[in-house]
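This briefing goes through selected local features of one protein model. Please look at the sequence and the structure before reading on.

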Amino acid sequence: THRGSSGGRGTSGMSGHRGTDGRDGPSAADGAPGAKQPYGSVTFVVLGAGPPNQQPVLEVAGTRFNVATVGYHVCGVLDDRVYEPGESIKVTNVTLRNDGGMRLPAGAVLRFASTPTVAFQPHAVAVPQLDVGATWTCPTPIIGTLYDVPPAQEDGRAFAGSAALESTCAMLERPFHDATVATELRMKYPVEISHTHAPTDIGRGENGRLVVRVKNTSTLALPYNEQGDGHVGIRIVMHHHLVPSEAAYAGRRDLSFECPRVEPGGVWETALSIKLTDDCLLFDKHEWRVELYYKRKLIYFATKPIRHTPIYTPRVDAPFRRSADVLLFTGPEMHREEFLCWARMLNALGLSYDLWDIERYEGISQSASTNRRHNVSWVGRYHGRTIVLPHAAKHLHLLHAADVNEHFL
């Protein structure tokens with residue numbers, strides 16, 4: 001047989017696709033925890049003089065020195081337990097302690113810095129070397145002056161204020177925080193007006209009594225000495241329709257009284273009898289003013305009014321014994337202009353009227369102070385007449401229903 005020749009070699013096939021990634025292997029187990037180590041520390045070492053690496057060790061401690069203020073005492077130079085405006089104060093017994101772990105070297109400085117409320121005299125007290133735990137007390141007082149205030153300017157308000165001061169101690173201008181101790185001083189004057197009394201109203205021809213009490217709130221007698229240091233006085237100024245009833249003060253409306261010696265906690269009282277002038281007008285208000293002086297300085301004043309009120313005088317016209325046509329109730333709300341409107345209206349109508357002032361008689365149907373009928377009462381006098389009660393919303397509760405019923409029956 002005849003064998004044919006071999007065919008040519010075929011071309012290579014294409015590359016196959018990339019296989020997928022295999023899965024992650026399992027995580028290894030956590031390693032064993034490391035051994036716990038102690039906290040680090042700082043050690044302060046003080047070396048003495050000597051060649052490098054040969055200085056002697058003088059002190060070793062875990063903390064450095066620290067200055068803390070144990071306390072101090074503040075008082076006025078007069079030491080009357082009252083801090084008044086403009087008074088000098090002194091700080092004594094300033095005690096410091098080294099509560100650190102190392103000896104405090106010399107060079108620290110104690111100061112009390114001036115503030116807006118206290119001005120200290122210049123000072124810088126050197127603190128000596130202090131061993132660990134040792135204390136030191138400043139041997140000299142530190143003097144300052146409290147701020148002053150102008151004379152009283154607000155009616156009825158006594159001065160009350162405060163002053164702040166604090167101790168400081170620093171080494172090379174770096175302060176020790178525990179040495180800063182602040183103190184606040186409450187300020188006032190050592191005298192005050194503890195009580196005033198005056199009538200709220202006066203009728204023509206009557207006398208009223210002004211009473212003023214001044215109390216010494218300090219621990220020293222006032223004045224301090226025979227030279228008048230710590231002088232206390234009061235001044236009473238009155239409206240020109242108020243005059244003293246006493247002959248010794250006749251015609252005077254501006255009176256000053258010097259306070260005698262008043263012991264600590266004691267009270268001085270002065271009183272003045274007054275009356276209205278003959279030309280004063282009904283329902284006008286006349287003011288009087290009391291002023292308190294300490295060391296010749298006005299430290300307090302208060303102004304109060306006194307009303308001119310009518311005295312109830314029921315008219316009985318002979319021969320018929322008739323009461324007035326109208327009873328007009330007045331009170332603290334009634335001012336002169338309003339009264340004149342009522343008076344002109346009633347006069348224009350030809351009606352006579354009586355006046356009953358609610359403030360003066362402490363009520364309408366009865367007196368609030370006695371809970372009884374007044375000795376001279378309006379009740380039962382005005383049958384068939386007109387009763388007028390202005391400002392009834394404020395005073396109607398003072399009028400008993402039985403009196404209203406009786407009036408109309």
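**Aromatic pairs**

Phe-257 has a relative accessibility of 12% and therefore counts as buried, the cut-off being 20%. The model is a predicted one.

- The ring of Phe-257 pairs with that of Tyr-249: the centres are 6.0 Å apart and the planes stand at 75 degrees, so the pair is edge-to-face.
- Tyr-249 is partly exposed, at 21% relative accessible area.
- Tyr-312 and Trp-356 also form an edge-to-face pair, because their planes are at 70 degrees, with ring centres 5.1 Å apart.
- Tyr-312 belongs to the loop between strand E21 (297–308) and E22, and Trp-356 to strand E23, so this pair ties together parts that are 44 residues apart in sequence.
- Both residues of this pair are buried: Tyr-312 has a relative accessible area of 6%, and Trp-356 is at 0% relative accessibility.
- Tyr-72, Phe-112 and Phe-120 are linked by ring pairs into a cluster.
- The count of aromatic pairs comes to ten.
- A ring also meets a charge: the charged end of Arg-289 sits over the ring of Phe-301, 4.0 Å from the ring centre.

**Helix H1**

- H1 runs over residues 336–348, which is 13 residues; at 1.5 Å a residue it should span 18 Å, and its end C-alpha atoms are 18 Å apart, which agrees.
- Which residues of H1 are buried? They are Arg-336, Glu-338, Phe-339, Ala-343 and Leu-346.
- An α-helix has 3.6 residues a turn, so residues three or four places apart point the same way.
- The face turned away from the buried side of H1 carries exposed residues, namely Glu-337, Cys-341, Arg-344 and Ala-348.
- Strand E22 (326–330) and strand E23 (353–357) are what the buried residues of H1 pack against.

- Arg-360 is in the loop between E23 and strand E24 (386–388).
- With a relative accessible area of 17%, Arg-360 is buried, because buried means under 20%.
- Its side chain makes a polar contact of 2.2 Å with the side chain of Glu-206.
- Another polar contact, of 3.5 Å, joins the side chains of Arg-360 and Tyr-361.
- Leaving aside neighbours within four places in sequence, the residues in contact with Arg-360 are Asp-201, Ile-202, Gly-203, Glu-206, Thr-309, Pro-310 and Ile-311.

**Backbone features in loops**

- Where is the cis peptide bond with omega of about -10 degrees? This bond joins Leu-222 and Pro-223.
- Pro-223 has its place in the loop between strand E15 (207–216) and strand E16 (232–238).
- Asn-53 is a residue other than glycine with a positive phi, near 65 degrees.
- The loop that holds Asn-53 is between strand E1 (44–47) and strand E2 (57–61), and Asn-53 counts as exposed at 79% relative accessibility.
- Leu-172, likewise a residue other than glycine, has a positive phi near 55 degrees.
- Leu-172 lies in the loop between strand E10 (161–171) and strand E11 (174–175); its relative accessible area is 75%, and Leu-172 is exposed.

Key: Residues are numbered from 1 along each chain as its sequence is written. This is a predicted model: local features need pLDDT of at least 70, side-chain atom pairs count only at pLDDT 80 or more; totals for chains, interfaces and linings use all residues. Side-chain values use heavy atoms; hydrogens and water are left out. Helices (H or I, at least four residues) and strands (E, at least two) are DSSP runs, numbered from the N terminus. The expected span of a helix is 1.5 Å times one less than its number of residues. Buried means under 20% relative accessible area, exposed over 50%, partly exposed in between (1.4 Å probe, protein chains only). Contact means heavy atoms within 4.5 Å. Rings of Phe, Tyr and Trp (its six-membered ring) pair if their centres lie within 6.5 Å; planes under 30 degrees apart count as stacked, over 60 as edge-to-face and the rest as tilted. A charge sits over a ring if NZ of Lys or CZ of Arg is within 6 Å of the ring centre and within 35 degrees of the ring normal. A polar contact is a pair of N or O atoms within 3.5 Å; within protein, one must be able to donate a hydrogen and the other to accept it, and residues adjacent in sequence count only if both atoms are side-chain atoms.
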